[in-house]
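Dear colleague,

I am passing on the structure below for you to look at. My notes on it come after the display.

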Amino acid sequence: MRHPTVETILNFVDNNAALAEVDRAGVTDHISSCSRRGEKAREFEGLLGFFQEDAVNEPPSELLEWGVQLFQPVLR
C-alpha cells in the first residue's frame, strides 16, 4: 500500500464516516508497519485530543447566540 495521505490519516484518527471500511483497514495495517505514518497518526491523535478537551477555544455563549441570530430569517 502507498502511504496514506494526510487527509486519510486525519479521517482515520477522527473516525470520520467518510473513510470507507476497506480504507480504514488499510490505514490500520499501514500505520502499524510504517513508523513514519504511525508517528504522524499519533501526533494527530494528540492534537485532536487537545482540541476536544480545550475549552479556551469556545466562544462566549452571548457571542454564539448573536452569531446564530444573524442567520435567522427575517419575518416581514
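The notes below cover a helix contact and the salt bridges.

This is a predicted model, in which local features need pLDDT of at least 70 and side-chain atom pairs count only at pLDDT 80 or more, while totals for chains, interfaces and linings use all residues. Residues are numbered from 1 along each chain as its sequence is written, and side-chain values use heavy atoms, with hydrogens and water left out.

The axes of helix α2 (residues 21–33) and helix α3 (residues 35–53) cross at roughly 110 degrees and come within 5 Å, which makes α2 roughly perpendicular to α3 (a term for angles of 65 to 115 degrees). On the α2 side the contact (heavy atoms within 4.5 Å) is made by His30, Ile31 and Ser33, and on the α3 side by Ser35, Arg37, Gly38 and Ala41. By class, this contact has 2 nonpolar, 4 polar and 1 charged residues.

The structure also holds 2 salt bridges (a side-chain nitrogen of Lys or Arg within 4 Å of a carboxyl oxygen of Asp or Glu). In one of them Glu39 pairs with Arg42, with the closest N and O atoms 3.4 Å apart, and both residues lie in helix α3, 3 residues or about one turn apart. Glu43 forms a salt bridge with Lys40, where the closest N and O atoms are 3.5 Å apart, and these residues are likewise 3 residues apart in helix α3, about one helical turn.

As for accessibility, Glu39 is partly exposed at 37% relative accessible area (partly exposed lies between buried, under 20%, and exposed, over 50%, with a 1.4 Å probe and protein chains only). Arg42 is partly exposed at 48%, Glu43 at 41% and Lys40 at 31%.

Notes. Axes are lines fitted to C-alpha atoms, for helices over the stretch in contact, and angles run from 0 to 180 degrees between N-to-C directions. Helices (H or I, at least four residues) and strands (E, at least two) are DSSP runs, numbered from the N terminus. Angles under 35 degrees count as roughly parallel, over 145 as roughly antiparallel, 65 to 115 as roughly perpendicular and the rest as oblique. Ala, Val, Leu, Ile, Met, Phe, Trp, Tyr, Cys and Pro count as nonpolar, Asp, Glu, Lys and Arg as charged, and the others, Gly among them, as polar.
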